[in-house]
Amino acid sequence: MKIVGICGSPRAEGNSSFLVNEALNAAKEEGAEVEFISLSGLELNPCIACNVCKEEDECIIMDDLNDVWKKIEEADGIIIGSPVYFGGVSAQTKMLIDRSRPSRKGFKLKNKVGGAISVGASRNGGQETTIRQIHDFMFIHSMIVVGDSEPSAHYGGTGVGGASNDCENDEFGINTARNLGKKVVEVVKLIKK
């Protein structure tokens, strides 16, 4: 059972990375093999609408996202974290999403378990709309989407942080991220029974 956590923050070690790693730590405690991938510092390019991926099984843009997508396709569960950028995902996360079209050919993500984490500068700072954008992407790929489960039971991991280490003191955000990691593993285990 492999869970991949992807952080779409431009900060290599910021709040989103911290919470994605908290979710992965909880998943590991539940028996999963985990891998953390930060999009920060990777060579990422946007979709150029060439439509070659409709004919081929891969994107013709040669950058680091191709390797990221191989790891995603091999995983049983996927957790994507993004900071809030004007009520939605970061540019890095959006490039990951927009370049996912080759994975829709044959629905390579079908029935994989997915969850989302988001960090905003205030408690109601766009986390839910950012998570919804990640969930929409997962629904379009026919994934099984989960939230953070009990006892918090929301859309996913929701952190509050502006400065790089703020989420380390956000007990609620840490709990929702950890609950999400546990829920992803719980559902993967049910599927693999």
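Reader: Where is C53 placed, and is C53 buried or exposed?

Author: In this predicted model, C53 lies in the loop that links β2 (33-38) and α2 (65-74). Buried means under 20% relative accessible area. Because the relative accessibility of C53 is 12%, C53 counts as buried.

Reader: Which residues does C53 touch, not counting residues up to four places away in sequence?

Author: C53 and P102 are 49 residues apart along the chain, yet 5.4 Å separates their C-alpha atoms. P102 is also one of the residues that C53 touches. With that exclusion, the contacts of C53 are E58, R101, P102 and K105.

Reader: How do the axes of α1 and α6 cross, and which word describes α1 relative to α6?

Author: The axes of helix α1 (residues 15-29) and helix α6 (residues 171-192) come within 7 Å and cross at roughly 45°.

Reader: How do the residues of the contact of α1 with α6 divide?

Author: On α1 the contact includes F18, L19 and E22, and on α6 it includes I174, A177 and R178. The residues of this contact divide into eight nonpolar, three polar and four charged.

Reader: Which residues of the largest nonpolar core touch the most other members?

Author: This core has 23 residues, and β1 (2-7), α2, β3 (77-83), α3 (91-98) and α5 (127-140) each supply at least two of its residues. Beyond its neighbours within four places in sequence, I72 is in contact with I6, I78, L96, L109 and K112. The residues that touch the most other members are I6, L65, I72, I80 and L96.

How values were computed: Residues numbered from 1 in each chain as written. Predicted model: local features only at pLDDT ≥ 70, side-chain atom pairs only at ≥ 80, totals over all residues. Heavy atoms only, no water. Helix = DSSP H or I, 4+ residues; strand = E, 2+ residues; numbered from the N terminus. Buried < 20%, exposed > 50% of the residue type's maximum accessible area, 1.4 Å probe, protein only. Contact = heavy atoms within 4.5 Å. Axes fitted to C-alpha atoms, helices over the stretch in contact; angles between N-to-C directions. Nonpolar A, V, L, I, M, F, W, Y, C, P; charged D, E, K, R; others polar. Core = buried A, V, L, I, M, F, W, Y, C linked by side-chain atoms within 4.5 Å.
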